[in-house]
Amino acid sequence: MHSEDNELMSLARKAFPYTMTEDQTRILNVIFATHRRRICSLIEAANGAGKTTCIAVAAATLATIGERPTIACSTHSQTSRVIEELRRLQQKYKAVVLGSRDALCSSDGLKSAKAICALPKLRFRCPYFPPAADFHPWTMNISEMVSVAAEKEICAYETCWNSASQSDIVIVPQAYLLSEYSWKKASRIIDSSMLMIDECHNVLTRSFEVFDVGIEFISEAGKEVSKLLRSRKKWTKKKLISTVGSVAAIYDAVTAEAEVAADCSKHALGYRLSREYIALKALFEGNYTTLIVGNNSARGLRDGASDSFGERLSYFDSIVMMSATPGAVKLYTSLLRERPLYVERIPSPYRDGQLRVYIVTDFTTKFTERKPSDGARLASLVDMALRGRSDARLGIFFPSYAYMHETANCFTEIGYTLMPSNRVELTSVVTLSDSGGHVVMLAVQGGRAGEGYEYPGGLDIVLVVGLALPVPYPTGLEAMLASSLAFEVSSVYAYHISQAVQKAVQAVGRVIRGPRDKGIGVLMDRRFLNRTVLDSMPAWFRDCLKGSGSFGSLAQLIMER
């Protein structure tokens with residue numbers, strides 16, 4: 001190990017808030033070597049390896065020697081976890097979290113409309129002012145920052161931005177790396193020495209899927225836009241803007257309605273209009289090529305990763321990216337503009353059959369091959385298997401809400417009932433039980449239950465129904481998946497496959513939430529056996545694959561203890 005890395009590891013060991021494991025030592029070694037060599041690294045490590053703790057400790061260690069590292073997180077909960085780990089360190093650091101005007105709005109919606117400053121012409125309406133120059137509330141998560149700012153009647157958004165230039169560590173949303181406006185502002189104050197991206201697979205998602213916004217607009221101008229959007233399933237940005245006409249007139253009309261709402265103290269209405277304004281700006285100014293319109297939302301997609309995103313990554317001397325399910329390496333090399341990328345795969349932490357994963361070979365959710373009886377067949381098989389195992393908690397993750405609710409109805413037809421405590425979560429998590437006390441949780445791959453939901457008591461078995469490819473996917477992808485051969489896939493194909501695999505792996509991960517847990521995962525789609533799909537799985541997850549078999553063999557797997 002290089003002497004500089006030795007010195008940093010010594011500092012990290014002293015700061016580490018827990019007993020450092022072998023895997024965590026390995027992760028920190030990669031981070032410090034990446035910093036010294038000024039390269040890019042991708043670290044693949046299973047859930048529970050302590051990646052977030054390592055990021056926090058590495059950032060603090062680098063701050064100790066005078067660096068100002070930047071940490072990019074995809075959600076507020078991830079940001080809060082980084083802040084929590086920084087607080088555990090004996091030495092205190094000046095860490096600040098940046099965010100959007102909406103997330104860092106001090107208003108509670110009573111004194112004024114939340115995020116009214118999102119409308120440039122109405123920013124003077126906000127009663128919260130910038131803080132004093134010497135006020136710096138360090139190492140707070142977003143909700144804490146908003147609470148403190150509201151109490152002092154100052155703007156939380158301006159407080160965080162004013163503090164950023166004097167901080168030791170800056171924590172930003174991953175969206176800042178993708179948004180032209182946010183990046184232009186952030187790049188003036190963040191240091192170029194080191195960027196660490198937690199849950200980096202989300203960056204890939206956002207580099208291809210630019211946004212997903214609701215289009216149930218309430219302003220008169222917004223209603224007209226919504227009506228126009230729903231007249232077609234697919235738009236190009238150029239076609240949308242040319243059809244709409246004057247975008248500025250739409251912005252002015254929404255702003256005018258928000259101003260009337262403010263005059264009448266209708267703050268809830270004002271907040272909805274400010275969010276509508278933000279959504280309209282995404283539709284008219286977002287960096288996308290194709291707009292896919294659903295019943296209540298619109299998704300802006302790119303044909304490939306954004307060139308501007310690669311430019312922003314090139315700003316940093318060193319980059320470390322981490323995830324349990326990072327996806328195809330070629331996608332990262334493309335984003336990095338062919339800069340050298342070191343890949344470190346941490347071995348599976350699961351021992352002695354702690355996690356066993358199987359692939360069902362005679363089932364698929366490919367749309368053209370689905371059968372009306374699939375839901376009833378699945379419900380019947382699960383019911384039969386559970387009768388041989390009274391203590392099992394089972395979760396089933398589907399490719400869509402429609403498929404989930406269709407199968408839920410099949411369960412009710414054979415005697416299962418919807419648990420009353422979960423009626424409020426019907427659209428996201430459906431929990432059923434039978435007269436024997438067996439419990440089955442139904443959810444959607446990639447949704448809240450698939451990545452962040454902790455089911456009370458945990459899950460023993462997870463069935464992943466189908467390879468949930470993002471829609472729409474490119475022509476020719478299904479033909480490739482029908483083959484058992486490995487293909488040299490394009491970056492667009494690789495993105496779609498990586499997304500589907502990530503959802504499946506995250507769902508299976510629900511059975512292992514602690515070091516002593518054991519569980520079974522079943523991937524119910526023969527397309528998981530495709531060589532390219534298998535190669536997209538994390539190495540630690542592939543180590544847990546124990547075999548494949550027919551749909552009928554599923555019952556026996558579930559009954560195994």
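A salt bridge here is a side-chain nitrogen of Lys or Arg within 4 Å of a carboxyl oxygen of Asp or Glu. Under that rule this predicted model contains 16 salt bridges, and the tour visits some of them.

Select Asp-525 and Arg-527 to begin: their side chains meet in a salt bridge, with a distance of 2.9 Å from N to O. Colouring by accessibility will show that Asp-525 and Arg-527 are both buried.

Next, select Glu-344 together with Arg-26, which form a salt bridge whose closest N and O atoms lie 2.4 Å apart. This pair links distant parts of the chain, for Glu-344 sits in strand β11 (residues 341-345) and Arg-26 in helix α2 (residues 22-37), 318 residues apart. Is Glu-344 buried or exposed? Glu-344 has a relative accessibility of 8%, and therefore counts as buried, whereas Arg-26, at 31%, counts as partly exposed.

Then move to Glu-85 and Arg-88, whose side chains meet in a salt bridge with an N to O distance of 3.8 Å. Glu-85 has a relative accessible area of 11%, under the 20% limit, so Glu-85 is buried, while Arg-88, with a relative accessible area of 42%, is partly exposed.

Technical notes. Residues are numbered from 1 along each chain as its sequence is written. This is a predicted model: local features need pLDDT of at least 70, side-chain atom pairs count only at pLDDT 80 or more; totals for chains, interfaces and linings use all residues. Side-chain values use heavy atoms; hydrogens and water are left out. Helices (H or I, at least four residues) and strands (E, at least two) are DSSP runs, numbered from the N terminus. Buried means under 20% relative accessible area, exposed over 50%, partly exposed in between (1.4 Å probe, protein chains only).
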